[in-house]
Amino acid sequence: MGNTDSKLNFRKAVIQLTTKTQPVEATDDAFWDQFWADTATSVQDVFALVPAAEIRAVREESPSNLATLCYKAVEKLVQGAESGCPSEKEKQIVLNCSRLLTRILPYIFEDPDWRGFFWSTVPGAGRGGSDDDEDESARPLAESLLLAIADLLFCPDFTVQSHKKSGPDTVEDIHSIDSCEYIWEAGVGFAHSPPINYIHDLNRTELLKLLLTCFSEAMYLLPSSESNNLNPWVQFFCSTDNRHALPLFTSLLNIVCAYDPVGYGIPYNHLIFSDYREPLVEIAAQVLIVTLDYDASTSISPSVDGTTGSTVMDDAEPPGPDNLFVNYLSRIHREEDFQFILKGLARLLSNPLIQTYLPNSTKKIQFHQELLVLFWKLCDFNKKFLFFVLKSSDVLDVLVPILYFLNDARADQSRVGLMHIGVFILLLLSGERNFGVRLNKPYSVRVPMDIPVFTGTHADLLIIVFHKIITTGHQRLQPLFDCLLTIIVNVSPYLKSLSMVAANKLLHLLEAFSTSWFLFSAPQNHHLVFFLLEVFNNIIQYQFDGNSNLVYAIIRKRNVFHQLANLPTDVPSIQKALQRKKRCPEPISRTNSQDGASMEGSRPAAPAEPGTLKASLIATPDIDKLTEKSQVSEDGTMRSVQPEGLQTSPGTSPNVGVSDTESEVPQTKVDRRRLSSGSSSTQWTPSPDWVMSWKSKLPLQTIMRLLQVLVPQVEKICIDKGLTDESEILKFLQHGTLVGLLPVPHPILIRKYQANSGTAMWFRTYMWGVVYLRNVDPPIWYDTDVKLFEIQRV
């Protein structure tokens with residue numbers, strides 16, 4: 001029968017459903033079969049032929065019919081999972097029911113009265129006596145649906161290659177197959193790469209879309225930092241009830257990490273062949289990050305059966321969380337598996353960069369945000385993976401794309417979430433000594449980026465990009481300034497040689513942040529100065545020898561340090577500084593950063609196109625909640641630094657004997673927005689006591705001593721030799737030494753990221769916002785009443 005006929009019949013069935021006020025019996029197969037039995041409707045058709053208004057009308061006016069429709073559609077999926085879909089017709093029914101449920105579920109979730117429906121038990125809706133020991137018929141509908149999807153994802157000749165030898169009668173029994181032998185792609189724990197079958201890829205994609213829709217109930221709940229707010233769909237699917245948990249986790253991970261959008265090694269190949277793998281890879285990445293939504297800061301509950309996957313997973317570890325996907329992810333431990341994952345993610349993250357210097361040579365992928373969340377989860381849940389990443393300079397293959405995304409998205413308010421995840425990853429990495437050490441590798445990749453041309457290391461690249469974000473980024477990035485500078489502080493003790501460009505950028509930031517009006521205009525602004533002074537102190541004390549460029553820049557800008565030391569604290573001066581602020585509201589002169597020419601071939605960072613949709617984000621925790629201080633001992637090991645009592649509040653006497661690294665900054669619980677907007681400035685005004693409370697702790701001793709020793713020597717050289725030439729002065733500084741002249745080196749303090757429920761909630765809202773906006777064909781959640789975030793137009 002023609003496609004048009006089947007669409008008409010399907011539409012007729014939908015109209016009947018919306019107009020029938022009487023309940024239709026569940027046994028009336030002639031009526032219900034119209035929805036799936038003889039139609040060949042694509043998922044796009046289903047979305048067009050089942051309008052939102054009609055789903056809501058049935059929900060309100062004939063709820064029993066909507067309930068029966070859901071129940072019957074799930075029953076068909078369960079039957080398909082039971083039989084293994086040997087015929088084309090059965091495969092079609094499964095796909096039709098899958099599309100219909102994908103369409104309807106969001107409307108079930110948006111109504112609080114309906115949310116419990118799938119978790120109630122429907123008499124006789126069980127799995128048809130497949131298990132004699134228990135009364136399976138009492139399963140909630142949600143569980144039956146999830147188990148059926150899991151079975152169908154390993155259904156021979158439907159979603160996986162059949163292994164049967166030959167002969168028509170040897171149908172593989174879907175219940176007796178070991179799905180670990182049917183993993184979708186080689187990689188972690190599986191060596192065999194099955195031939196690509198695009199029909200299987202399409203069928204997997206449809207079922208995974210339905211699975212993601214099941215999980216999306218989370219979008220309809222308001223954000224709350226309650227960690228007990230577990231997603232029941234994810235919880236059940238990732239539990240021991242799902243016998244396919246391990247092979248499915250492995251399949252999703254491998255399919256993502258093995259994907260090569262280059263068209264399998266041939267440039268421009270993607271222009272000739274349609275790629276059925278990409279939609280599958282994308283939805284696999286989304287399902288994966290959603291199943292890994294787990295607040296590690298709260299608990300790790302030991303309720304896991306330790307028998308699964310002994311080869312791939314590290315059995316020496318104690319049993320992990322009862323979410324098996326999180327558990328498996330945290331127990332991957334083989335070097336070759338780590339190598340496969342890291343290479344795969346680095347290849348995909350670098351894809352947009354290849355685009356810039358070989359346009360169209362490869363297919364441009366769009367799911368880098370999902371990949372960044374996945375990389376974050378790997379590093380956060382699997383410390384062995386984190387150490388592996390930092391063990392070699394491979395970490396730079398992830399760093400460079402992240403810096404590229406940060407630089408590219410800095411002016412675009414619809415990509416503020418991308419900016420945050422990129423910065424969070426770098427904060428997590430910067431807590432490990434090896435990251436700072438790796439940054440000394442020379443930067444030779446010439447990815448066209450809208451930054452000044454420089455010759456130097458990856459550390460220079462990082463500092464130059466961060467400077468660009470702070471000076472020319474979107475104003476909504478101001479809460480990230482603390483994070484950006486904390487990352488530079490964390491790596492600073494290990495930076496062997498900064499370029500002149502990067503050194504000048506750091507001093508430009510200090511100059512901008514230490515103006516009196518900026519320091520007095522919001523309660524937290526002085527933190528930024530403390531961070532920058534800590535960077536300079538770390539480099540002077542631990543890496544003086546190779547850093548003549550920075551020393552020279554400090555000498556040239558010595559007046560900035562003298563002004564800080566002499567910052568006025570009396571009321572008239574404070575008032576005068578704030579008057580100056582009213583005249584000039586820009587924190588950082590955008591012209592004065594002497595940028596010079598940008599790299600060839602780069603495009604300036606563009607703001608969002610008007611009308612772009614974006615998802616709102618919740619606020620991120622303050623830097624002192626986000627990190628905990630660790631002190632680095634002589635042998636390189638770290639120990640946590642207990643916060644001293646309560647931090648000094650404004651106006652109390654400062655701690656005595658604070659060393660040059662202790663940026664102990666008095667915390668004032670006031671609106672944190674930098675450059676306080678009108679509203680917050682009414683609540684808070686700077687007082688002399690407040691200024692004194694932190695001014696007295698500015699760690700200036702080391703720099704002042706350096707200036708005291710070197711400035712007269714440099715001036716003498718200039719007078720003696722009549723020098724105006726930088727290179728001679730630099731040569732002198734290169735051979736100079738301050739051994740024995742500086743204060744005793746302070747211990748290195750690292751602020752390590754620590755998981756907390758605030759960041760867990762931020763990741764949940766960000767991730768679901770990405771999933772919502774990226775699923776436009778079909779637009780699964782569009783125009784439904786989501787509560788986790790707001791969808792806004794730029």
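## Serine 630 and its two partners

The model is predicted. Serine 630 has isoleucine 750 as its bridge partner in strand E4. In strand E3, the bridge partner of serine 630 is serine 640. A further pair links glutamine 631 to leucine 749, the latter residue being in E4.

## The sheet around strand E2

These pairs belong to an open sheet of three strands, in which the order is E3-E2-E4 and the pairing is antiparallel. Strand E3, residues 638-640, and strand E4, residues 748-753, are the edge strands, since each of them pairs on one side only. On average, and with direction ignored, neighbouring strands of this sheet are turned by 40° against each other.

Strand E2 covers residues 627-632 and is joined to E4 by six bridges, the two strands running antiparallel. Between E2 and E3 there are three bridges, again in the antiparallel sense. E2 and E3 also form a hairpin, with five residues between the two strands. In the turn of this hairpin, glycine 636 has a positive phi of about 90°.

## Burial of strand E2

How many of the six residues of E2 are buried? Five of them are, and E2 is therefore largely enclosed by the rest of the structure. A residue counts as buried here when its relative accessible area is under 20%.

## Cysteines

How many disulfides does the model contain? The count comes to zero when a disulfide is taken as a pair of cysteine sulfur atoms within 2.5 Å.

Tyr198, Ile199, Leu202 and Tyr276 together make a nonpolar surface patch of about 340 Å². One of these residues, tyrosine 276, is located in the loop between helix H10, residues 245-257, and helix H11, residues 277-291.

Is tyrosine 276 buried or partly exposed? Its relative accessibility is 31%, so tyrosine 276 counts as partly exposed. This class lies between the limits of 20% and 50% relative accessible area.

Methods: Residues numbered from 1 in each chain as written. Predicted model: local features only at pLDDT ≥ 70, side-chain atom pairs only at ≥ 80, totals over all residues. Heavy atoms only, no water. Patch = residues over 30% accessible without salt bridge, like charges linked within 9 Å, V, L, I, M, F, W, Y side chains within 5 Å. Areas by Shrake-Rupley, 256 points an atom, 1.4 Å probe, with all protein chains shown as cover. Salt bridge = Lys/Arg side-chain N within 4 Å of Asp/Glu carboxyl O. Helix = DSSP H or I, 4+ residues; strand = E, 2+ residues; numbered from the N terminus. Buried < 20%, exposed > 50% of the residue type's maximum accessible area, 1.4 Å probe, protein only. Pairing = 2+ DSSP bridges. Axes fitted to C-alpha atoms, helices over the stretch in contact; angles between N-to-C directions.
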